[in-house]
Amino acid sequence: EQIYNLQINNAHEFGNNIWSRAEINDLLKKKGFYSSIFIQEKRIEGFGIFFEAGNFLDLYSLFVSPMYRKRGIATTIIDCA
C-alpha cells in the first residue's frame, strides 16, 4: 500500500508507469521477484523491485522520494539486492 501511495504522491515523476496495488502484490508473489525498501519515520520513502534469474538480476523499478535523494539511498537499495 505504501509503495503504491508513494507512486501516486509522485505521479509527475512516474508518468504512465504507476503500478496498481494488485500489480505490485502479484509481482512480489512470483518466484524470483523481491523488493528492498527504505523506511524513514515509519514510512516507505524508497523502493527497488528486482527479479533474479540465474546469474542475472533485473531491476524492474527503483524510486526514492525527492526529499531523500542525493544521500546514497538508491545505491544502498541496489547494493542490498
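**View 1. Residue classes in the lining of the largest pocket.** By class, 3 nonpolar, 5 polar and 2 charged residues make up the lining of the largest pocket. Nonpolar here means Ala, Val, Leu, Ile, Met, Phe, Trp, Tyr, Cys and Pro, charged means Asp, Glu, Lys and Arg, and polar covers the others, Gly among them. The model is predicted: local features need pLDDT of at least 70, side-chain atom pairs count only at pLDDT 80 or more, and totals for chains, interfaces and linings use all residues. Residues are numbered from 1 along each chain as its sequence is written, and side-chain values use heavy atoms, with hydrogens and water left out.

**View 2. The largest pocket and its lining residues.** The lining consists of Gln2, Asn5, Leu6, Asn9, Asn10, Arg43, Ile44, Glu45, Ser65 and Met67. Two or more lining residues come from each of helix H1 (2-9) and strand S2 (43-53), and H1 gives the most, with 4 residues. The pocket volume is about 150 Å³. A pocket is an open set of points on a 1 Å grid over the protein atoms alone, where a 1.4 Å probe fits, with protein on both sides within 12 Å along at least five of seven lines; lining residues have an atom within 4 Å of a point. Grid points are joined across faces, edges and corners, and the volume is the space filled by probe spheres set on the points. Helices (H or I, at least four residues) and strands (E, at least two) are DSSP runs, numbered from the N terminus.

**View 3. Glu41 in the loop between S1 (33-40) and S2.** Glu41 is not a glycine, yet has a positive phi of about 50°. Its relative accessibility is 63%, so Glu41 counts as exposed (over 50% relative accessible area, 1.4 Å probe, protein chains only; buried is under 20%, partly exposed in between).

**View 4. Lys42 in the loop between S1 and S2.** Lys42, a residue other than glycine, has a positive phi near 65°. Lys42 counts as exposed because its relative accessibility is 78%.
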